[in-house]
Amino acid sequence: MSGQKLKNRWLIAASAVGIHISIGSVYAYSVMTNPVKDIFDVDGSVIKWAFKIAILLLGLSAAFLGRWVEKVGPKVSGTAAGLFYGFGILGSGLAVQLESLWLFYLCYGVIGGIGLGLGYITPVSTLVKWFPDRRGLATGMAIMGFGFAALIFGPVMQSLFDAVGVSTAFYILGAIYMILILSSARYIERPPKDYLPDGFKPGEGKTIKADISNITANEALKTSRFYYIWIMMFINISCGIAIISAASPMMQEKLNYTPMEAAAIVGLIGVFNGLGRIMWSSLSDYLGRANTYIVFFAFQILAFWLLPQISMELAFLVVLFTVITMYGGGFATLPAFLGDLFGTKQLGAIHGMVLAAWGLAGVVGPTIYDVVKNATGSLDATLLVFAGLFVVALIVSLLMKRTVTQAYRKINKDLKFA
């Protein structure tokens, strides 16, 4: 790449956002539930299985294909993501046209889900390498795109369903996603080896904090740091996704909202989910990654303990929306933190393995909510269980902080005597 013009890293970031906005449309799945269930003449819960399969496959493909993504590079894996996700949505249109439920599960859930996993991890590990100075900001931008996608594509989907019918809407959406992802993948690529941005090159004054290590995915699995971050993410996602999945009935129960008022709050949850991704990941560049997660868990212990006791509407919503920003912020801060902990050698593979926590948490979190709520009949008791889980997460994050501090102390000591 020596004789080649260096690509603009901000356009690389824009390409990453293009990929994430496309695959993030999966969060608008609820918009298609009713139109699709009417065509198949089944209950909405039957149609939701395609979404569950897609999220499960996202976690599994991210975990198992992460090494392949690192091996072939972002252009190839991004192209594969565009083909899988695009054909998954196009195939869903065919399934609707043929009224084949199993084909719908296969296309949307399995084929589309593999596209989701590949598309999620492909741009993120590349961005960490292009932005060694502002990892949190860079990964936050891309993952914010994933969070905001439902706000963009939800209304688009509904308009298309009304204008051209369900199967044709899927064909149009599949084509849009494929074009967006494939064109983004054409620009995205790794930076040159040992790339440093302007101002950080030797003799230019600014320095970049050293990573704790630069190791492979297999070596990462042998460290306590990997399991600490896995548990932290699992708890943060389980509790957050449970609240998101139960937001509408919770608003109706706690604040006596009408279903329409509760639906408006669900829309705002999407906004704060997206805002939290860019806000917290950018702040982590200054606060430190370990400290950011400590703030998440300390606040959420108090939040889930206090929510049952808050009767004032504004206070309840402020606490709830802050919790949602931390749910999104946990996702966006993760790739930058993994870069700090394990380096960039196999970051995509390591990121994929941690995202397996997402697939599992997507099932465990809402299940805990339903089981406790049904057993106790009380939303308050359910929220207290989540507060208890965050106590565990806080303890693990403090152990992580101690590990990180000790590692950096050793690095500084080694540099001093080098």
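This is a predicted model: local features need pLDDT of at least 70, side-chain atom pairs count only at pLDDT 80 or more; totals for chains, interfaces and linings use all residues.
**Charges over rings**

I then looked up Lys52. Lys52 lies over the face of Trp49, and I noted 4.6 Å from the ring centre.

**Aromatic pairs**

Next I turned to rings that pair with rings. How many aromatic pairs does the count come to? I wrote down 26.

I picked out Phe104 and Tyr108, which form a stacked pair. Their centres are 5.9 Å apart, with 20° between the planes. Planes under 30 degrees apart count as stacked, so 20° qualifies. Where do Phe104 and Tyr108 lie? I found both in helix α5, which covers residues 101-130. They are four residues apart, about one turn of the helix.

My next pair was Phe153 and Tyr177. I noted ring centres 5.0 Å apart and planes at 75°, so this pair is edge-to-face. The cut-off for that label is over 60 degrees. The pair links distant parts of the chain. Phe153 is in helix α6 (residues 135-164), while Tyr177 is in helix α7 (residues 166-187). The two residues are 24 residues apart. I checked burial here as well. Phe153 has 6% relative accessibility, so Phe153 is buried. Tyr177 has a relative accessible area of 1%, so Tyr177 is buried.

I also found a cluster linked by ring pairs. Its members are Trp280, Tyr293, Phe296, Phe297, Phe304, Phe337, Phe386 and Phe390.

**Cysteines**

How many disulfides does the structure hold? I recorded zero. A disulfide is a covalent bond between the sulfur atoms of two cysteines. I looked up two cysteines anyway. Cys107 counts as buried because its relative accessibility is 7%, under the 20% limit. Cys239 is at 0%, so Cys239 is buried.

**The second largest pocket**

I then opened the second largest pocket. Its volume is about 1,200 Å³. I noted 39 residues in its lining. Which of them are closest to the pocket's centre? I listed Pro132, Arg135, Ile208, Lys209 and Asp211.

Last, I sorted the lining residues by type. I have 15 nonpolar, eight polar and 16 charged.

**Positive phi values**

I finished with the backbone. Asp41 has a positive phi, near 55°, and Asp41 is not a glycine. I placed Asp41 in the loop between α2 (29-40) and α3 (44-72). Is Asp41 buried or exposed? Its relative accessible area is 68%, so Asp41 is exposed.

Glu99 also went into my notes. Its phi is positive, about 55°, although Glu99 is not a glycine. I found Glu99 in the loop between α4 (74-98) and α5. Glu99 has 54% relative accessibility. That is over the 50% cut-off, so Glu99 counts as exposed.

Technical notes: Residues are numbered from 1 along each chain as its sequence is written. Side-chain values use heavy atoms; hydrogens and water are left out. A disulfide is a pair of cysteine sulfur atoms within 2.5 Å. Buried means under 20% relative accessible area, exposed over 50%, partly exposed in between (1.4 Å probe, protein chains only). Rings of Phe, Tyr and Trp (its six-membered ring) pair if their centres lie within 6.5 Å; planes under 30 degrees apart count as stacked, over 60 as edge-to-face and the rest as tilted. A charge sits over a ring if NZ of Lys or CZ of Arg is within 6 Å of the ring centre and within 35 degrees of the ring normal. On a 1 Å grid over the protein atoms alone, a cavity is a set of points where a 1.4 Å probe fits but cannot get out, and a pocket is an open set with protein on both sides within 12 Å along at least five of seven lines; lining residues have an atom within 4 Å of a point. Grid points are joined across faces, edges and corners, and a volume is the space filled by probe spheres set on the points. Ala, Val, Leu, Ile, Met, Phe, Trp, Tyr, Cys and Pro count as nonpolar, Asp, Glu, Lys and Arg as charged, and the others, Gly among them, as polar.
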